[in-house]
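Please look over the model below before reading my notes.

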Amino acid sequence: MLPLAGGFGGHAFAASRSRLLPVPLRKGDTVALVSPSSATDERINLQLAREVMEALGFKVKTGAHYGSRYGHLAGTDAERAGDINTAFADPEVRAVIALRGGSGAARLLPLLDYEAIRANPKALLGYSDITALHCAIHAQTGLVTFHGPNGTGSWNRFNADQFRRIFFERELVEYRNLVEAGDELVARRNRTLTITGGRARGELVGGNLAVLSALAGSPYLPDFRGRILFLEDVSEAPYRVDRMLTTLKLMGALDGIAGFIFGECTDCDPGDGYGSLTLDQIFDDHIRPLGVPAYSGAMIGHIRQQFIVPVGGRVEMDADAGSFRLLEPVFQAG
């Protein structure tokens, strides 16, 4: 475990590690399917995840416990962490794909073999609860990982094409929302909204807000200073989003960010009661005073078509255009 480094206001963050790039992927390589979080309800989903990876051109190994169940989890903590450690240590495996999210990944963080992960840098793909792994692995090793569809998620044309462009062609992609008007006079879906205009450069950190904020005070939360923070969430009432951003604010985590990108907050409707702050008001209270480029509405999160975002990737964001682009490769040469 890494020592803690001093942060803003005397608060602690994980000590920064130099960026570590994963090995490149090619068709015909072997990937591992692991289940770090909740159990998978139906066996057909295990089959579908394997078929997706095969359709992308990979050979597939599955974790020994990826179909297991312990309460709501896909096996005990030791079993799930063991599958991840085995996948990173296996010389045949070139990438590690999370089967699904849910909850429970944070329980594994003290059990992961970060030295083995650092010695065998491989792409990790997943989102939602997998944010705990992205944060911890990046904080402890500097490895670039990928926030994007889980194995059992939607692999529609947009997601599959983006995967090929990033993982096979290793393109320095520009992340710009698909905006189509359809039969409307002006487009209404996938719209971005500028919070504070401007451009910023930095490495991306972030993921699911609820999972990320729950790591506060631990050595598994990356240092946000000088970085572009991206967030998303699902099924959280606005008051809870406000509470979680307040947590990050109070610990000083927001003070030094270079920029801010919020994705979708899916099904984040206010509950009953005396009323609610809107997400716009929450961003105005917590993000606008930072004075850094910021926008909301990026195609990141619990949505069918979603960006595959490299955690640790160096990007330039344009808050006025509602876009960001990769500046440097996110895989080793070769």
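This is a predicted model: local features need pLDDT of at least 70, side-chain atom pairs count only at pLDDT 80 or more; totals for chains, interfaces and linings use all residues.

1. Residues are numbered from 1 along each chain as its sequence is written, and side-chain values use heavy atoms, without hydrogens or water.

2. The chain holds 8 helices and 16 strands. These are DSSP runs numbered from the N terminus: helices are H or I with at least four residues, strands E with at least two. The radius of gyration is 19 Å, close to the 20 Å that the globule rule gives for 334 residues, so the chain is as compact as a globular protein of that length. That radius is taken over C-alpha atoms, and the rule is 2.2 Å times the number of residues to the power 0.38.

3. How much of the chain is buried? Buried residues make up 56% of the 334. Buried means under 20% relative accessible area, exposed over 50%, partly exposed in between (1.4 Å probe, protein chains only).

4. There are 16 aromatic pairs. Rings of Phe, Tyr and Trp (its six-membered ring) pair if their centres lie within 6.5 Å; planes under 30 degrees apart are stacked, over 60 edge-to-face, the rest tilted. Phe146 and Phe167 form a tilted pair, 4.8 Å centre to centre with 50 degrees between the planes. Phe146 lies in strand β7 (residues 145-147) and Phe167 in helix α5 (residues 157-168), so the pair ties together parts 21 residues apart in sequence. Both Phe146 and Phe167 are buried.
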